[in-house]
Amino acid sequence: MSRGERFRQISGNMSVENELGGPEGEIESAKKRKKRGGGFSTEGRSGKPWNREEARVFQSVFGKNTLLALYKLINDGHFSELHGEFNSGKEASIFSGIDRYGKFVAVKIYRIEASDFSNMLPYLKGDKRFENIGNSKKEIVFAWNKKEFSNLRKMEEEGVRVPHPIAFLENVLVFELVTDEESGGISPQLKKAYQEISDPAGFSEQIVLEMEKMHRAGFVHSDLSEYNILVSGGRPVIIDCGQAVLLTHPNAQEFLERDCENVSKFLSRKLGYGISKEELLKRVLSSRKSEGEAREERKNG
Ligand SMILES: Nc1ncnc2c1ncn2[C@@H]1O[C@H](COP(=O)(O)OP(=O)(O)OP(=O)(O)O)[C@@H](O)[C@H]1O
Ligand SMILES: [Mg+2]
């Protein structure tokens, strides 16, 4: 039995499509999709059988357990259609999908076998929430995915602009697809879109504010750069929060300094917003302090 057939068998009545969307944009409107009809198929966008790239994506991402996790997430109503992979990072492939109300979602699937997860450990082990996880690839990836979900939830609660987390299971995360109303497509990374920003100083200041909020929420992102900031409606959205650690993590200060260095370099060089690593660090750290002071003051009267 081919993998496609097995997928169809496992997926039962779930509606899954294999549309490899282009990067940043080209999301099909719900209306168009409806007209075209949904459902799983082994045909690509052109209606021809999968090309080699499409087949590669399918094989590297959709192991049996991943298919089952997707099935459960769909059955539990967290989303209803999986479209094409629109981006992939070092450890995960990101797909667009649709929920039952016709709203776009992002589905991030960690490739369990195909990646090296040893670099995840330092961000898990020092985190008191995940101290007791095992050392198998699977345990590490599942913990990482759970961590990304809970980080997003807490950050969102504290007002950080992150994609809204919807659900997670094993190596699959379902969350808001960050889109750009102006272009009508998927939001681009700051790295690619910075030249189109109409108010670079205002945008830079918003990034600093997001960093302050994140710090007040008790987190250090730990991989913050122009790659993990998206531009949506002229404002920054912070993504890729799996490695974010609590401020109590033994390396939190080091990670924060690295984030400040990356961000200050980009803001200064590409957005003309002169802020040194030290200044940025001071602002982020003092935002928490002033919040603490404010709390003290409230307490004292
Ligand atoms: N919710 C989302 N909405 C829109 N685009 C997204 C979303 N999540 C991820 N992306 C896109 O997919 C890319 C890869 O996602 P992400 O950075 O989360 O994956 P990763 O595998 O953890 O990446 P990395 O290579 O940085 O380790 C992002 O840079 C971004 O362009
Ligand atoms: Mg990333």
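Ligand 1 is surrounded by 20 residues in this predicted model, where a residue counts as near a molecule if its C-beta atom, placed from the backbone, lies within 6 Å of it. The closest are Asn87, Gly89, Ala106, Val178 and Asp240. By class, the shell holds 11 nonpolar, five polar and four charged residues. Here Ala, Val, Leu, Ile, Met, Phe, Trp, Tyr, Cys and Pro count as nonpolar, Asp, Glu, Lys and Arg as charged, and the others, Gly among them, as polar. Strand 3 (92-98) and strand 6 (172-176) each supply at least two shell residues; strands are DSSP E runs of at least two residues, and helices are H or I runs of at least four, numbered from the N terminus. Domain 1 (3-180) and domain 2 (188-300) each contribute at least three residues to the shell, with bounds from an automatic or database domain assignment.

Residues are numbered from 1 along each chain as its sequence is written, and chains are lettered from A and ligands numbered from 1 in the order in which they are written. As the model is predicted, local features need pLDDT of at least 70, side-chain atom pairs count only at pLDDT 80 or more, and totals for chains, interfaces and linings use all residues.

Strand 10 (residues 229-232) and strand 11 (residues 235-238) run antiparallel, joined by four bridges; strands pair if DSSP finds at least two bridges between them. Leu230 has Val237 as its bridge partner in strand 11. The two strands form a hairpin with two residues between them. Gly233, in the turn, has a positive phi of about 55 degrees.
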